[in-house]
Structures are given as structure tokens and as C-alpha cells.
Amino acid sequence: MALNQSRQRCAQETGRLTRWLDERMSIAQVAQSLRRSAVPDHWSLFFGQIAVASFVICSLSGIFVMFFYEPSTAPVTYEGSYAGLRGIEMSRALESTVHLSFEVRGGLLMRQLHHWSASVMIAAVMMHLLRIFFTGAFRKPRELTWLLWFGILLVAMSAGLAGHILPDDSLSGTSLLVMDGLLKGIPIIGTWLSSMVFQGRFPTGVIDTFYPLHTIILPAIIVVFMIAIGLLNLRYRSAHFRGPGRTESNIVGRPFTVTLVKSFGLFCIVFGVLFVMAAVAQVNPVWTYGSADPSVASAGGAALWYLAFLDGAQRLVPPGWEFVLFDHSWTPAIVVPLAVGGLFFLTAMIYPFIERWITGDDAEHQRLVRPRTTPTRTGIGVAGMVFYGVLWIAAGSDVMAFYFSLSNENLILILQIFLILGPVLGFTLTKRICLSLQFKDRDIAMNGFETGRILCSPDGEFTEVHRSADAYQLWTLTDYEYYEPFIPRPDERGRIGLKDRLRARLSRWFFEDRVVPPRVSEVADPPADISASTKQDEQE
């Protein structure tokens, strides 16, 4: 009897707590809202989901590896099953890594799964950022989402670098030499930074610094950023591409429950692909490099692929960039490449705010744009890709010169020239291509598609038969945003400030070349369904 009364009181208290939480958090309303909400369905949205799935797989495999890895630089003599290293002195970190690879069931598979999932995650985040940029998904109200994805990219790169150092093999030892030189090359604070990273014990102290960063701090930051992105997506929803019935005030897509099931299916596919990659593609064979030795530089060693642009920037610096001042040697050859790389990423991060200031666009956007409709923005994006790509290619200049029997000096000179001219050429060509595509879209909207049929009239005139675009195609071709260049206004004294003049010039440059698509009223015989649904747009 007492037990039943206790159960009833427990049920009453639980119900009271549930009602209290429901009143304040609206859990039922949130769940109901999620079930009824629509999520845009487009293949380009998969990049973000692939990044999240890869991070989950990377975290799970990393937890497995963490049980066997020992972050210690204490010297030991290897007596394991790998004959090539038997009897060689190495650190406890490398010994535990080799032990995991050869003597733990599934250890090598999990190590390689951890490595490949990290690389795929970084690649997916890069592709997702490019998708956001070229479709204009960074505009208000999603500027914070853009910054958070960039934060995930930078933190993931840092975590990858920390994980690359932890095995304490010869290849990671070479990376430590480069890192120590870069840190000490920074004026004034370089020595202090190197002492802080290596804890005054080069090179062994770096593991004590990087192990907690790689296993706890940096992954926790990524989790926080992803949760913040998820909350922002629940608040604003993902933007959708233009089409019939899609406006700035609604979201057209599949139900949230369907999207959730598809996301789980995509997670299973990503896991399967990564599992196959880890099983058949060898990566980071630390046992072939041997123990770390500061006096040995690994032949053929290269930077991590996602950090190669920093190595390439160092290689493209012209010789002779050193001077002595105040009895100290100053090395811009180290500082300038780091500053250029940092400025490149900083500019990319704040680009949404720069474009918003230039265009004066303060409206909220729920619809994405086709890259061809914004030729200047698309050209800027391609120019940035070319700039990054040249730095990335330069990191392997010695390998390319060796395999193709080229002069490394001449190859560096070509890359130096292309680093300056390449972005300009990429911007110009991309802008011309976008304008050509706009001309093509206008011609299709006005005249329809070519059918290849030629008709001859009784009086001998030849005409080509065109097929009119359907309602969906015509909507895509005529639904676009109107923008006008910024016109500065004089102040009370009749003067135009320098800031307004600069903004006006940048605005004209941003909008100077554009083929305005036709309105629906200009199209001959438009479909009835699109004509009726665009009257409000025509009035605006």
C-alpha cells in the first residue's frame, strides 16, 4: 500500500515537473513545430551534413584510439611485433601508436578511420562554405552561421595539426622544426610563443600542450559551434533556391521527419565510404618514418593538405627578405606569408559585412541566388579560389619539379607570377562567363529554346522554330533581385564625404556589368500560372 502511494506521488511530481517545463520551454510546441516545418531539399545541402557525420565518426574513432595511445615522450626500446623497428629507441607515444597499429585487433583500421574522417570533414566544410558563398546564403539573417562555419574550419585545421604531431614520428618531428622556426621568426613575441607551445622543452613539451587540445578543447569548441548552427537553423531555417511558390516569407521543402530520416541514411553512407577508405587506403604509416629526430628531415615529407597553403606561401617568398636592424635580424620572409594567409581568411570571414555595406542591402533573405546572377561576387569567389590554389600547389613544387624533370626555381617563378595575375584573370573570365550565361537566359526567356527545325514560308522565308520555356523554367529565368548602385547624398554643407564616395565607387563596380533579365510582362505569351503569380513582383 505504501509502495503504491509512493509511486502515485512520484508520478504526480513528475507530471508537475513536466507541465512546468512545458509552460516555460514549450517543448510540445517546439516538437510540433519541428514536425510541421519544411526543410529545403537540395543536393548542395549535403556538404554540411557530411561534415557533421564525419565529425561524429572522427570523434568515435578518436575515443577508441585514446584508450591505447600514451601521450608520453619517455624513451623506451621497442620490442613489439614489427621487426623493422625492433630494438630501436623511441618515445612512449610512438611505441603506443605502433602497438595500436599492429597488435590491437582493429587498431590500424580505427587509426586510419580517424585520419580519413578528419580529412573528409575539413573538405566537406570547405565545400559547404563555397556553396554558402556562391549562392548568397551568408546574407542577413545568416551572417553568424557563416562565421561559425569558418570557425569550425579553422578549429578543425588546428585539431588536425595537433593530431599530426602526437605520434612523435620522424615526419611529425620535421613539422615541429618548421613550427618552431615559424614561431621564432615572429618579431618581438616569437621566442615567447615558442616557449609557450613547447613549454620550454623543445621538442618533447609539445605533446603535453597538444594532447589536451586535440582530445578535449578543440573538439568541444567544434561541438559548441555545431550546436549553435543547429539552433540558428531551427530559428531561421535553411534558405531555399528560387522557384514557383518560394518567397522570402516561406520555406518550401520536405517535412522535418523525412529530412531526419534522409540525414540518418546519409550518415550510414558516409560511415560506409569512410570505412572502405580506412580499410583499403593506407595513410600516415608512422612505422616507416621511425622515431622523431630533430637532426633528420624526412625526404619527400610535406605539410598536411589543408595547411599546405602556408608552406606554399613560404616557398613563394622572393630571396633576400632579411635585414639587420637594432642589432637584431628581422625576417619578413616568415612574417609576411603568415600575415597574408591570416588576412585572406579574415577577409573571407568578414566578406558578408563588406558586401552588405557596399550594396546597402539590409533586408532578410530566405531565397538563394544563382551564381551567374551576381557576376562580381562569383568572380571574387573564383579569384579567392585561384589565390588559395596557387599557394596550395606551391607547397608541392619540389615534388612536381622532380617527377616532371623541371627546374624548381623556374616553377617557383611561374607560380609567383600566377599568384598575382591568376586571381585577376580568374575574376575577369568568371565575370565574362556569368554575363554570357545571363545573355543566354534572357534569350531563352524572350525567344524560347532552339529546336533545330527550320520552316520555309510560301514566300521563301526561312524561320527557326523555338520551343517556349515552361512555367518552372520561366520562373527561374525571370525571378531575380533588383539592385541599384548606391548614390551618395550631400550633407548639410553640400559636401560628400570620403566614405560615401568610396562606397559609391565600390557599389558601381559591384553592379556595373549586369544583364537585366526580362520581366514576365516582356515575355511573349507567358504561361498563365506564372503571369498571375508574379503580379505582385511586377508592382514592386
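**View 1. L234, a partly exposed residue of helix α9 in a predicted model.** With a relative accessibility of 39%, L234 counts as partly exposed, a term for values between buried (under 20% relative accessible area) and exposed (over 50%), found with a 1.4 Å probe on protein chains only. L234 belongs to helix α9, which covers residues 205-236; helices here are DSSP runs of H or I with at least four residues, numbered from the N terminus. Although L234 and V39 are 195 residues apart along the chain, their C-alpha atoms are separated by 9.9 Å.

**View 2. H164, a buried residue of helix α6.** H164 lies in helix α6 and is buried because its relative accessible area is 11%. Leaving out residues up to four places away in sequence, H164 is in contact with L171, S172, S175 and L304, where contact means heavy atoms within 4.5 Å.

**View 3. The largest nonpolar core and I222.** A nonpolar core is a set of buried Ala, Val, Leu, Ile, Met, Phe, Trp, Tyr and Cys residues joined through side-chain atoms within 4.5 Å. The largest one has 51 residues, and those that touch the most other members are M121, V125, W149, I152, L153, I222 and L316. Helix α6 (residues 143-165) supplies the largest share of this core, 10 residues.

**Notes on the model.** This is a predicted model, in which local features need pLDDT of at least 70 and side-chain atom pairs count only at pLDDT 80 or more, whereas totals for chains, interfaces and linings use all residues. Residues are numbered from 1 along each chain as its sequence is written, and side-chain values use heavy atoms, with hydrogens and water left out.

Conventions. Helices (H or I, at least four residues) and strands (E, at least two) are DSSP runs, numbered from the N terminus.
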